[in-house]
Amino acid sequence: MGYSLDMRARLSDIARHAGVSEATVSRVLNDRPGVGSATKQAVLTALDVLGYERPAALRQHSAGLIGLVVPELENPIFPLFAQVISTQLANNGYTPVLCTQSPGGVTEDEYVEMLRERRVAGIVFVSGLHADTTADVGRYQKLADGGLPLVFVNGYMDQLPSPCFSCDDGVAAKLGVEHLLSLGHRRIGLVSGPERFIPVQRKRAGYLAAIEGRAEPLVELTMFGVEGGAAAAARLLDSGATGILCGSDLMALGAIREARARGLSVPGDVSIVGYDDSPLIAHTDPPLTTLRQPVRPMALAAVRALLDEIAGHAAPSTEYLFRPELVVRASTGTAVTT
């Protein structure tokens, strides 16, 4: 007996999403011949995206496990990376094993040991210890020497044994500063996390290069998150800043909170720029101007590099930089002149 959907509307939904006829969808679901591989994949992808279960005969058997090590999930940019990477791994037949870190929880090294015990085919590290200049990146060389394929996302150091895919933090800071300068701001501050992290160092360098000779540099490095953003913004506002460039969207939300606590208007009195363009950030009050990380291209490139390495075609151990995009919304406006 062939596979049948319990509602004809579902057949129509899949056909519309895949851009094929209902008859073609039916042939694919019943595993009948006469359908090209690209068309078949389009139908199966539509099935996955729409949340319908594949027929048993069409389910892809796992090619193995792949570890995905990410920081805490409080910052919504990390679940977004995890989602895109996990989906792409699953589409290629691998089962992702998500390992999330939190203060006082399981460490990256402990996760790696657990993943090795499960004989994973490779590991993707997102903003891990490879981004921390105080950490010994020799740990990754030992893994690579043991034949374990690795790729990294955000935070490159020369000693890394495998390719790294990063958003260009220096360019992001420059775009943010140029935007605020174009609005007439001359007291522009930078808020970011601890200086030991490579992305923070790059944002700071990009900010200083962009601001040189045009405005007085105002830099506040603090802990990541809403609270860190609020505390750093307080110091910048005390220094007379009218524009604030933040190292993450969460820090920008903290800066907005601090400004409002002082009775200031955003963007009437102070303009605030975030970084990431994480999910739902367009719907904050006000909608946040931010620098968008190209998460999907970065994640897909990282997965492809890892799969190539697993197949014996390793990419060069270098960094691949992706350009951020300035997304202008309602948290930035023209500077008020007095």
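Helix H9 (residues 226–238) lies across S6, S7 and S8, at about 160° to S6. Helices (H or I, at least four residues) and strands (E, at least two) are DSSP runs, numbered from the N terminus. Axes are lines fitted to C-alpha atoms, for helices over the stretch in contact, and angles run from 0 to 180 degrees between N-to-C directions.

This is a predicted model: local features need pLDDT of at least 70, side-chain atom pairs count only at pLDDT 80 or more, and totals for chains, interfaces and linings use all residues. Residues are numbered from 1 along each chain as its sequence is written, and side-chain values use heavy atoms, with hydrogens and water left out.

Now the sheet. It is open and has six strands, ordered S7-S6-S8-S9-S10-S12, with mixed pairing. Two strands pair if DSSP finds at least two bridges between them. Strand S7 (218–221) and strand S12 (325–327) are the edges, each pairing on one side only. From one strand to the next, the twist averages 20°.

Look at one pair inside it. Strand S6 (residues 188–192) and strand S8 (residues 243–246) run parallel, joined by four bridges. Leu190 has Leu245 in S8 as its bridge partner.

Helix H7 (residues 169–182) lies across S6, S8, strand S9 (271–276), strand S10 (289–292) and S12. Its direction is about 165° to S8.

Turn to Ser166, in strand S5 (residues 164–167). Why does Ser166 count as buried? Because its relative accessibility is 0%; buried means under 20% relative accessible area, exposed over 50%, partly exposed in between (1.4 Å probe, protein chains only). Leaving aside residues up to four places away in sequence, Ser166 touches Asn154, Gly155, Arg202, Met298, Glu319, Tyr320, Leu321 and Phe322. Contact means heavy atoms within 4.5 Å.
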